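Here is a short report for a reader meeting this protein for the first time. Please look over the sequence and the model before reading on.

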Amino acid sequence: MPRRLLQRYLPRPEVLRRRRSLRFVSHLIGNPMLWVLTRRSVANAFSVGLFSALLPIPFQMLVAAFGAWLVRCNLPLSIGLVWITNPLTMPLIFYGNYRLGAWLLDVPIRQTPDRISTRWIAEQLLDILPTLALGSLVAAIGIAALANLVIRLVWRWQVSRSWRARARRRRRKRPAARKD
């Protein structure tokens, strides 16, 4: 069952509540509704986490935590999924979002110089920002919806597969009917 697999990797709320750095949010961490692993809570956590990850904003983890609290989905999953946009993947993801926004707005894509510097990025940021924001928002909504659907379908497939396996095991355990 998917629940057992997820429980193996998720932290325990008691451990997080005891951490000194998280005491200011211990009342939120202790909310049992934010730790439930059901098809709905996991699918919504994927949506919230991936949506937050694809936005080019600071403090994505706080946005994911607030979204998990609003939607009442799994808190650690939604926060953990934000790390899809880490320092290694962020340039690729946001460049893809920029290309999507440029395609949607029918704007030519800016060419990068041979050497990229922070000065060049700062000069181009105001021109690039609307395109990047639109592309990121469209990508975030699309990926969040797709992830929600895929998680629900995979969960349902896994549960029905385990039910069929359980039925097969029960049929094998039954003694054969005697013919007298």
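Which residues have the most contacts inside the largest nonpolar core? They are Val42, Phe46, Cys73, Leu77 and Ile151, in a core of 18 residues. A nonpolar core here is a set of buried Ala, Val, Leu, Ile, Met, Phe, Trp, Tyr and Cys residues joined through side-chain atoms within 4.5 Å.

## Basis of the model

This is a predicted model: local features need pLDDT of at least 70, side-chain atom pairs count only at pLDDT 80 or more, and totals for chains, interfaces and linings use all residues. Residues are numbered from 1 along each chain as its sequence is written, and side-chain values use heavy atoms, with hydrogens and water left out.

## Overall build

The protein chain has eight helices and zero strands. Read from the N terminus, its elements run α-α-α-α-α-α-α-α. Helices (H or I, at least four residues) and strands (E, at least two) are DSSP runs, numbered from the N terminus.

The chain has 180 residues, and 33% of them count as buried. Buried means under 20% relative accessible area, exposed means over 50%, and partly exposed lies in between (1.4 Å probe, protein chains only). A contact means heavy atoms within 4.5 Å. Among contacts with a separation of 6 or more, 71% come from residues 24 or more positions apart.

## The nonpolar cores

Back to the core of 18 residues. Helix 4 (39-53), helix 6 (75-80) and helix 8 (118-173) are the elements that give two or more residues to this core. Helix 4 gives the most, with six residues.

Leu50 sits in helix 4. Leu50 is buried, with a relative accessible area of 12%. Leaving out residues up to four places away in sequence, Leu50 touches Leu81, Ile84, Ile143 and Ala147.

Is Asn44 buried or exposed? At 12% relative accessibility, Asn44 counts as buried. Its partners, again not counting residues up to four places away in sequence, are Val71, Cys73, Asn148 and Arg152.

## Where helix 7 meets helix 8

The axes of helix 7 (residues 90-105) and helix 8 come within 7 Å. They cross at roughly 100 degrees. Axes are lines fitted to C-alpha atoms, for helices over the stretch in contact, and angles run from 0 to 180 degrees between N-to-C directions. The two helices are therefore roughly perpendicular to each other, a label for angles of 65 to 115 degrees; under 35 counts as roughly parallel, over 145 as roughly antiparallel and the rest as oblique.

Helix 7 brings Phe94, Asn97, Tyr98, Leu100, Gly101, Ala102, Leu104 and Leu105 to this contact. Helix 8 brings Ile128, Thr131, Leu132, Leu134, Gly135, Ser136, Val138 and Ala139. These residues divide into eleven nonpolar, five polar and no charged. Ala, Val, Leu, Ile, Met, Phe, Trp, Tyr, Cys and Pro count as nonpolar, Asp, Glu, Lys and Arg as charged, and the others, Gly among them, as polar.

## Salt bridges

How many salt bridges does a search of the whole structure find? It finds two. A salt bridge is a side-chain nitrogen of Lys or Arg within 4 Å of a carboxyl oxygen of Asp or Glu.

One joins Arg110 and Asp127, whose closest N and O atoms are 3.3 Å apart. The pair links distant parts of the chain, 17 residues apart: Arg110 is in the loop between helix 7 and helix 8, and Asp127 is in helix 8. Arg110 is partly exposed at 37% relative accessible area, and Asp127 is partly exposed at 45%.

Arg119 and Glu123 also meet in a salt bridge (3.4 Å, N to O). They are four residues apart in helix 8, so about one helical turn separates them. Arg119 is exposed, at 63%, while Glu123 is partly exposed, at 45%.

## Two positive phi angles

Most residues other than glycine have a negative phi. Phe59 is not a glycine, yet has a positive phi of about 60 degrees. Phe59 lies in the loop between helix 4 and helix 5 (60-71) and is exposed, at 63% relative accessibility.

Arg72, not a glycine either, has a positive phi of about 60 degrees. Arg72 is in the loop between helix 5 and helix 6 and is partly exposed, at 32%.
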